[in-house]
Each structure stands twice: as C-alpha cells, then as structure tokens.
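Me: I'm new to reading protein structures. Could you walk me through this one, feature by feature?

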Amino acid sequence: MSLSSLNTWYKKLTQFTGSVQVYGKFKGNIKAETVNIGESGLFNGLLVVDSLIVYGKVLGEVKCNKLILNKTGSVSAKVKYSHIEVQSGAILTGDLLRKVE
C-alpha cells in the first residue's frame with residue numbers, strides 16, 4: 001500500500017497486512033508489518049510495526065522490532081525498539097527504550 005499524496009493529511013486508525021510506503025503526509029495510527037517513510041514522507045502519530053525504515057520524518061510514538069534511520073531521516077518520538085540502525089547524518093531525538101527479549 002502506498003500513501004503518496006503530498007498535500008493530504010490522512011486522519012484515521014489504519015491496519016495493514018504487509019508493507020506500507022508513506023511518501024505524503026499521514027496523521028493518525030498505523031499498524032503493519034513494514035513501514036517505509038520516503039524522503040518526502042511525514043508521519044505524525046503512532047506506528048506499531050515489525051520494521052520501520054525512515055528516509056523522511058516521523059513524529060509521535062513508535063513501537064517496533066527493527067528501526068532503520070537513514071541519513072536523510074528524522075525521528076522525534078517516543079521509540080520502543082529491539083534493534084536500531086542509525087546512519088551518519090540522521091536525526092534521532094526523544095525517548096528511546098530498548099525492548100528486552
């Protein structure tokens with residue numbers, strides 16, 4: 001599923017099976033296996049995912065097993081994670097809590 005409108009705020013609680021690509025603006029909650037926030041993507045809300053790959057901007061709260069924050073990405077959120085990768089140049093601010101398995 002691709003959410004690609006650049007000038008629209010989606011406002012709802014949404015659950016997906018599989019992968020979600022966010023290239024536009026999304027305000028709300030997403031539950032999915034994998035979410036990819038593109039460079040033009042802006043997410044504001046709650047993300048509950050297995051894998052989160054960020055090239056754009058994430059605000060709010062993230063609950064994930066794996067977070068990959070690329071050099072163009074920015075996450076300003078409360079983040080609960082098992083595994084995290086942050087590339088040089090990325091911005092990561094907020095509360096970080098590593099889940100112990």
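Me: Let's take salt bridges. Which residue does Glu85 meet in a salt bridge?
Reply: A salt bridge is a side-chain nitrogen of Lys or Arg within 4 Å of a carboxyl oxygen of Asp or Glu. Here the side chain of Glu85 pairs with that of Lys66, at 3.9 Å from N to O. The pair links distant parts of the chain, 19 residues apart: Glu85 sits in strand β8 (residues 83-86) and Lys66 in strand β6. Strands (E, at least two residues) and helices (H or I, at least four) are DSSP runs, numbered from the N terminus. Keep in mind that this is a predicted model: local features need pLDDT of at least 70, side-chain atom pairs count only at pLDDT 80 or more, and totals for chains, interfaces and linings use all residues. Residues are numbered from 1 along each chain as its sequence is written, and side-chain values use heavy atoms, with hydrogens and water left out.

Me: Why do Glu85 and Lys66 count as partly exposed?
Reply: Buried means under 20% relative accessible area, exposed over 50%, and partly exposed in between (1.4 Å probe, protein chains only). Glu85 has 36%, so it is partly exposed. Lys66 comes to 31%, so it gets that label too.

Me: How many salt bridges does the structure hold?
Reply: There are 2. Glu61 and Lys63 form a salt bridge, with their closest N and O atoms 3.9 Å apart. Glu61 is partly exposed at 28%, and Lys63 is partly exposed at 37%.

Me: What about the nonpolar core? Which residues touch the most other members?
Reply: A nonpolar core is a set of buried Ala, Val, Leu, Ile, Met, Phe, Trp, Tyr and Cys residues joined through side-chain atoms within 4.5 Å. The largest one here has 23 residues, and Ile30, Val35, Leu47 and Leu52 touch the most other members. Two or more residues of this core come from each of β3 (19-22), β4 (25-37), β5 (42-54), β6 (57-69) and β7 (74-81).

Me: And which residues does Leu52 touch?
Reply: For contacts, look for heavy atoms within 4.5 Å. Not counting residues up to four places away in sequence, Leu52 touches Val35, Ile37, Leu47, Val62, Lys66, Leu67 and Ile68.

Me: Is Ser51 buried or exposed?
Reply: Ser51 belongs to strand β5. Its relative accessibility is 17%, so Ser51 counts as buried. Leaving aside neighbours within four places in sequence, Ser51 is in contact with Glu33, Thr34, Val35 and Lys66.

Me: How do I read the two faces of a strand?
Reply: In a regular strand, side chains alternate between the two faces of the sheet. Now look at β3: Val20 and Val22 make up the covered face, while Ser19 and Gln21 are on the uncovered one.

Me: How many bridges join β3 to β4?
Reply: Two strands pair if DSSP finds at least two bridges between them. For β3 and β4, which run parallel, there are 4. Val22 stands opposite Ile37 in β4.

Me: Can we zoom out to the whole chain? How many helices and strands are there?
Reply: The count is 0 helices and 10 strands. Of the 101 residues in the chain, 38% are buried. Among contacts with a separation of 6 or more, 3% are between residues 24 or more positions apart.
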